[in-house]
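User: Could you take a close look at one helix for me, along with the aromatic residues around it?

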Amino acid sequence: MKNKLYYQKQFHTAKLLSLLGVFVTIFTLSGSQVIWAAGEGIPIPFSFDFNVRAAENGADVVNSLQILFILTLIAMAPSLLLMLTSFTRVLIVLHFTRTALGTQQAPPNQVLIGLALFITLFIMAPIGNQINQEALQPYSRGEITQQAAIEKGMAPLRQFMLKQTNDKDLKLFMEIAEVGPVADVTQIPITALIPAFIISELRAAFIMGFLIYIPFIVIDMVVASTLMSMGMMMLPPVMISMPFKLLLFIVADGWNLIIGQLVRTFYQ
C-alpha cells in the first residue's frame with residue numbers, strides 16, 4: 001500500500017514537471033518569435049513604459065493633478081452615493097421595516113440595498129439630468145471652464161440638500177465653523193451643508209421607522225397579553241405574532257404604502 005502511494009506521488013510529480021516544461025518551452029518560443037519579429041522590422045502593436053521623471057513644464061503638473069483628482073473622486077464615489085443622495089434615508093427605512101416585521105433576513109441585505117439603490121436613482125434622476133445639461137454637456141463642448149462646470153454641477157445638488165436639511169442642523173455646523181449669516185444660500189460652505197444634510201436624513205429616517213414600528217408593536221402586545229392570559233407563558237410570542245404581522249402587511253399592501261410615502265417625502 002505504501003509503495004502504491006509512493007509511485008502515485010512520483011507520477012503526479014513527474015506530470016507537474018512535464019507541464020512546467022511545456023509552459024517554459026511555449027514562453028521561450030514566443031519570446032524568440034517576438035525578437036525575430038522585431039529584428040525583421042515587423043511593427044510591435046504596443047509597448048509599456050513605466051517611469052518617474054521630472055515635469056518639463058507646468059502643463060504636465062496640472063495634467064497629473066487632474067488625473068489624481070479624478071481617481072480620488074472614483075475612490076470616493078461610494079461615499080458620495082451614500083452621503084449626498086437619498087440613499088441613506090431609503091436604506092434605513094427599509095431596514096426598520098424588515099426589523100419591525102421580525103423576519104430576520106427576509107428580504108436579505110442584498111435585496112434591500114439593491115432596492116434602495118434603484119429608488120435613489122429614481123429620486124435623483126431629475127437632479128442628474130439637470131447636472132448633465134447645465135454642467136457636463138457645456139464642459140464637454142468646451143463652452144465653460146472646469147471650475148465653472150464644478151460650480152454649475154454642485155448647484156442642483158446643493159439645492160436638493162438644502163431642501164432636505166433641517167435649519168437647526170445647518171445652524172449647528174455653521175456655528176461650529178464660525179460662519180456668520182449669509183446673504184445667499186450659495187455662500188453656505190459645503191463642508192457645513194453635507195454633515196447637516198446627513199444628520200437631517202438620519203432624523204427623518206428614524207421618525208419614519210418609529211411610525212412603521214407602531215402597528216407591529218401593538219400586534220406583539222396583543223399576542224403577548226393573550227398568551228399570558230391563557231397560561232402559555234413558555235410559548236414565544238414572536239412565533240405567534242409573525243404570521244399576523246405578515247397578514248397585516250400584505251392586506252395593507254405595505255411595500256407600496258411605505259415606499260410610496262418614502263419617495264413622496266423628497267418631493268414635498
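Analyst: Helix α8 runs over residues 190-229, with helices taken as DSSP runs of H or I, at least four residues, numbered from the N terminus. Its 40 residues reach 58 Å from first C-alpha to last, close to the 58 Å expected at 1.5 Å a residue (expected span being 1.5 Å times one less than the number of residues). This is a predicted model, where local features need pLDDT of at least 70 and side-chain atom pairs pLDDT 80 or more, while totals for chains, interfaces and linings use all residues. Numbering starts from 1 along each chain as its sequence is written, and side-chain values use heavy atoms, leaving out hydrogens and water.

There's a kink: α8 bends by about 35 degrees at Ile214, with Pro215 following within four residues. That bend is the angle between axes fitted to the seven residues ending there and the seven starting there. Just after α8, Gly231 has a positive phi of about 75 degrees.

Now the aromatics. Rings of Phe, Tyr and Trp (its six-membered ring) pair if their centres lie within 6.5 Å; planes under 30 degrees apart are stacked, over 60 edge-to-face, the rest tilted. That gives 6 aromatic pairs. Phe96 and Phe206 have ring centres 5.2 Å apart and planes at 80 degrees, so they pair edge-to-face. They link distant parts of the chain, 110 residues apart: Phe96 sits in helix α4 (residues 87-101), Phe206 in α8. Phe96 is buried at 17% relative accessible area, whereas Phe206 is partly exposed at 49% (buried is under 20%, exposed over 50%, partly exposed in between, using a 1.4 Å probe and protein chains only).

Key. Helix = DSSP H or I, 4+ residues; strand = E, 2+ residues; numbered from the N terminus.
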